[in-house]
Amino acid sequence: MSTVHEIKHPLIEHKLSLMRQKETGTKDFREMLGEIAMLMAYEVTRDLPMKEIEIETPMSKCTTRMLSGKKMGIVPILRAGLGMVDGIMQLVPAAKVGHIGLYRDPETLLPVEYYCKLPPDVQERELIVVDPMLATGGSANAAIDCLKKRGCTSIKLVSLIGAPEGIEAVQKAHPDVDIYIAAIDERLDDHGYIVPGLGDAGDRIFGTK
Ligand code: PRP
Ligand code: URA
């Protein structure tokens with residue numbers, strides 16, 4: 001079974017509390033989402049493999065460590081996942097970005113794929129799938145399925161808020177995918193929205209409602 005990493009940090013909790021408030025406008029919402037994504041990326045990248053190298057400082061030779069291993073890829077689930085890309089890229093600027101477009105059918109709550117564009121060497125990369133909301137888990141599972149079909153084997157999922165139902169669904173379908181999340185909320189409502197949640201993340205990021 002995969003591990004659920006609930007990233008608890010005062011800065012993340014404070015910003016998320018502001019984002020949840022219905023009075024918070026698009027500009028502030030988007031900025032805080034980016035900031036939280038950057039803070040989360042610090043934890044998500046904690047286990048990246050390192051290698052020892054010999055260098056020379058102005059003072060002397062020494063052995064130090066740098067990143068080794070696979071290159072990274074960030075895969076936002078459109079639309080709302082886009083709001084997390086820049087924050088993560090601030091810490092891993094060399095990452096390539098693949099996009100998976102999914103929307104949730106409001107009747108069935110099932111994800112519908114409408115776009116997929118990935119780096120050509122995607123299967124060789126350590127991938128971080130990003131989407132602020134993990135509700136039923138249908139969208140995250142569909143995105144991960146899509147990556148695995150293309151041979152990807154190293155995948156993490158990073159979300160802001162998850163419902164217990166969504167977390168369980170991803171763990172069941174993809175026991176090899178660790179989940180990083182800033183908050184685990186109470187439940188889903190009858191329309192598949194997270195309660196208390198923050199509403200529709202895509203609409204709040206892009207001002208479409
Ligand atoms: C939202 C959200 C997730 C999905 C979560 O996207 O950004 O992708 O719903 O729900 P699930 O876990 O039940 O699949 P939405 O379908 O509203 O599309 P949007 O980002 O384009 O607004
Ligand atoms: N998508 C959202 O944007 N918010 C939710 O609460 C559930 C799905």
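On a 1 Å grid over the protein atoms alone, a pocket is an open set of points with protein on both sides within 12 Å along at least five of seven lines, while a cavity is a set where a 1.4 Å probe fits but cannot get out; lining residues have an atom within 4 Å of a point. A volume is the space filled by probe spheres set on the points, which are joined across faces, edges and corners. This is a predicted model, where local features need pLDDT of at least 70, side-chain atom pairs count only at pLDDT 80 or more, and totals for chains, interfaces and linings use all residues. Residues are numbered from 1 along each chain as its sequence is written, ligands are numbered from 1 in the order in which they are written, and side-chain values use heavy atoms, with hydrogens and water left out.

**Ligand 1**
- Ligand 1 sits in the largest pocket, meaning more than half of its atoms lie within 2 Å of the pocket's grid points.
- Around the ligand are 15 residues (each with a heavy atom within 4 Å of it), and the closest include Arg 104 and Asp 131.
- Oxygen atoms of ligand 1 make polar contacts (pairs of N or O atoms within 3.5 Å): a polar side-chain atom of Thr 136 is 2.5 Å away from one, and a polar backbone atom of Gly 137 is 2.8 Å from one.
- Taken alone, the ligand exposes 500 Å², and the protein buries 90% of that (Shrake-Rupley method, 1.4 Å probe).
- β6 (99-104), β9 (133-134) and α4 (138-149) each bring at least two residues to the shell; helices (H or I, at least four residues) and strands (E, at least two) are DSSP runs, numbered from the N terminus.

- The largest pocket holds about 630 Å³ of space.
- Its lining counts 28 residues, with Tyr 103, Arg 104, Ser 139, Tyr 193 and Asp 200 closest to the centre.
- The second largest pocket has about 230 Å³.
- That second pocket is lined by 15 residues, and those nearest its centre include Leu 67 and Lys 70.

**The cavity**
- There's one cavity of 30 Å³ or more in the structure.
- The largest cavity contains about 60 Å³ of space, and its lining includes Val 44, Met 72 and Ser 154.
- β8 (126-130) and β10 (155-162) are the elements that give two or more residues to this lining, and β8 gives the most, with three.

Key. A polar contact is a pair of N or O atoms within 3.5 Å; within protein, one must be able to donate a hydrogen and the other to accept it, and residues adjacent in sequence count only if both atoms are side-chain atoms.
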